[in-house]
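Here are a few exercises to work through with the structure open beside you. Try each task before reading its solution.

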Amino acid sequence: MSAQPARLLSPLSEDKLALLARLSEGLDADSLHWVSGYIAGVAAAQRRTPLAAATALPIAVSPDTAPQQRLTIVYGSQTGNAKRLAETLAHNAEAAGLHVRLVRADGYATRELAHERLLYIVISTQGDGDPPDDARGFIEFLTGKRAPKLAQLKFAVLGLGDSSYPQFCAIGAKLDARLAELGATRLFARGDADLDIATIADPWTTQALAQARDVLKTDAHATPMATVTPLRSAALVAPAISTWTRERPFTAPLLANQRISARDGVKDIRHIELSLEGSGLSYEPGDALGVWPTNPPALVDAVLATLKLDGERSIGIRNESASLRGWLLRKRELTGLSKPFVVAHAQRSHRLEQALGNDDGKEVLRRLLGDYQLIDLLREFPARWQAEDFVAALRPQTPRMYSIASSRKTVGDEAHLTVALLDYEAFGTRHVGAASHFLATLPDDADVPVFIEANERFRLPADPTRDVIMIGPGTGVAPFRGFVQERAETNASGRNWLFFGNPHFRTDFLYQVEWQQALKNGTLHKLDLAFSRDQSEKIYVQNALRRRGRELYEWIANGAHIYVCGDATRMAPDVDNALRAILIEHGGKSDEDARETLNQLTQERRYARDVY
């Protein structure tokens with residue numbers, strides 16, 4: 001979370017306090033420690049204390065130890081999984097007595113890469129081969145002409161992704177190949193983790209720790225310890241452990257489940273309110289709520305009937321035992337397909353094996369992963385499965401992340417969600433999304449297993465005088481409801497501008513009354529709408545952005561922060577293109593300069609995206 005300077009008993013003027021807020025805005029913990037150390041050094045120099053001599057050393061950064069004896073872990077994470085793995089690895093390495101530096105990719109000083117000796121990268125791939133937002137600059141540097149030769153470097157890469165996408169773990173593979181191309185030595189094979197992350201990540205991290213011990217032990221004998229005055233504590237702070245976590249979720253009582261789209265509309269959009277009272281859980285606007293869903297019972301029955309398996313049979317997997325029905329209801333993914341399962345099913349279905357082996361096999365696989373649910377594959381390509389083998393072949397159930405649509409300053413110990421029910425016809429039968437169906441059909445007395453997923457890259461400005469531009473079509477508007485509530489409660493003087501879109505004004509104007517009230521009372525200053533199907537020519541939020549391009553450019557030029565939430569595959573790239581076009585048309589920039597400006601805004605935390 002961005003730090004704000006204390007205003008109590010401050011010797012600084014308001015102008016200096018505002019400058020300090022702008023300086024600290026967007027900095028991670030390591031950067032803030034470095035700045036505090038630098039300022040302490042300046043103060044010591046002015047007082048002519050012995051610390052002045054120590055801080056006068058020509059140190060460009062603040063390493064705790066020489067690179068030869070340090071493990072650097074860089075992570076890029078969109079949903080938090082890569083971050084958690086990197087933190088765990090760093091904590092375990094620190095506990096093993098190793099010197100560790102953990103850095104988010106956008107906080108890594110790329111000039112240091114030439115001096116690194118041991119580097120681990122943990123990075124996710126988004127959608128169809130895109131990098132996480134916090135790693136874009138790092139990847140551009142590493143794959144560009146300015147990347148140095150790295151003959152001295154030893155490295156390993158752990159990629160995270162979703163095998164239902166063709167470009168599975170593409171970013172991890174790209175970085176792994178590029179580091180080797182630059183002359184670095186790969187310590188061991190890259191890990192490509194699917195949604196059942198632990199299957200690959202656990203052995204990878206175990207090997208990573210063992211290799212780090214060997215490398216740093218060897219280097220410690222070969223290179224004497226450098227004498228450096230540290231600007232922050234050498235100890236790595238272990239990740240904070242909450243009472244309720246992803247692995248041990250809080251059961252939140254349901255308070256409200258209200259449809260906020262019209263009954264005769266195409267989409268069923270729900271406003272969900274959950275109680276966090278007594279949990280001790282807290283969140284900031286921009287964070288997500290992780291929800292562990294239960295699969296639709298009708299879908300479980302259909303799978304059991306198709307395979308002719310007994311749902312009451314007890315199945316034991318990895319020291320965990322439950323009925324087959326229990327496994328399928330709560331512990332296994334049923335509404336999506338993974339490439340490993342398709343391959344395993346093809347070993348039992350000659351017809352599927354032939355289809356995948358034909359000249360158009362790649363297209364067949366792409367179509368299966370993109371269009372089919374598990375039940376569709378089982379019906380179209382019948383095969384016999386043993387219950388134990390079937391459960392073992394399925395991916396573990398994973399939590400779904402929903403942007404929180406509220407501010408605790410407004411709603412107290414509650415978390416609100418905006419959920420679109422996925423419900424459609426395909427292959428002659430009804431299909432639903434696991435989590436959205438679970439939430440939309442909750443009875444009044446239901447409890448929901450939840451946890452908080454912090455999103456430190458999607459935070460309101462530390463400086464409350466900054467303007468904010470919020471772009472959120474559909475359910476992407478959810479976090480901005482929390483943003484506007486938070487800005488109202490804190491009396492932030494910066495202006496708020498919302499761009500919202502959906503198919504129809506009459507049926508799909510989510511939170512219409514709230515936005516109109518916010519405009520009336522001055523907590524929302526501008527609202528631009530794009531209802532794509534209400535006229536012959538389709539209009540989307542990116543069109544609304546271009547239409548207001550001149551004024552948007554003025555806001556951006558004067559320090560406004562830009563936030564985008566929603567679909568990563570089409571909307572987010574279209575919005576990115578629209579913003580670039582605005583910089584070109586109204587800022588007089590070249591296309592290259594406009595791209596660089598957006599990259600710089602991302603680095604400064606003034607352009608943040610929560611896309612999925």
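**Exercise 1.** This is a predicted model. Decide whether Lys-331 is buried, partly exposed or exposed, then find its salt-bridge partner.

*Solution.* Start with accessibility: Lys-331 has a relative accessible area of 28%. Buried means under 20% and exposed over 50%, so Lys-331 is partly exposed. Next, look for the partner: the side chain of Lys-331 meets that of Glu-320 in a salt bridge, at 2.6 Å from N to O. Glu-320, at 34% relative accessibility, is partly exposed.

**Exercise 2.** Which parts of the chain does the salt bridge between Arg-395 and Asp-194 link, and is Arg-395 buried or exposed?

*Solution.* First, the contact: the two side chains come to 3.1 Å, N to O. Then the location: Arg-395 sits in the loop between α14 and β12 (400-403), while Asp-194 sits in the loop between β6 (191-193) and α7 (197-222), 201 residues apart. Last, the accessibility: Arg-395 has a relative accessible area of 9% and is buried; Asp-194, at 7%, is buried too.

**Exercise 3.** Find the residues with the most contacts inside the largest nonpolar core, and the element that gives the largest share of this core.

*Solution.* The core has 37 residues, and those with the most contacts inside it are Val-303, Leu-328, Phe-341, Leu-374 and Phe-390. Several elements give two or more residues, including α8 (297-307), β10 (314-317) and α9 (324-331). The largest share, six residues, comes from α8.

Technical notes
Residues are numbered from 1 along each chain as its sequence is written. This is a predicted model: local features need pLDDT of at least 70, side-chain atom pairs count only at pLDDT 80 or more; totals for chains, interfaces and linings use all residues. Side-chain values use heavy atoms; hydrogens and water are left out. A nonpolar core is a set of buried Ala, Val, Leu, Ile, Met, Phe, Trp, Tyr and Cys residues joined through side-chain atoms within 4.5 Å. Buried means under 20% relative accessible area, exposed over 50%, partly exposed in between (1.4 Å probe, protein chains only). Helices (H or I, at least four residues) and strands (E, at least two) are DSSP runs, numbered from the N terminus. A salt bridge is a side-chain nitrogen of Lys or Arg within 4 Å of a carboxyl oxygen of Asp or Glu.
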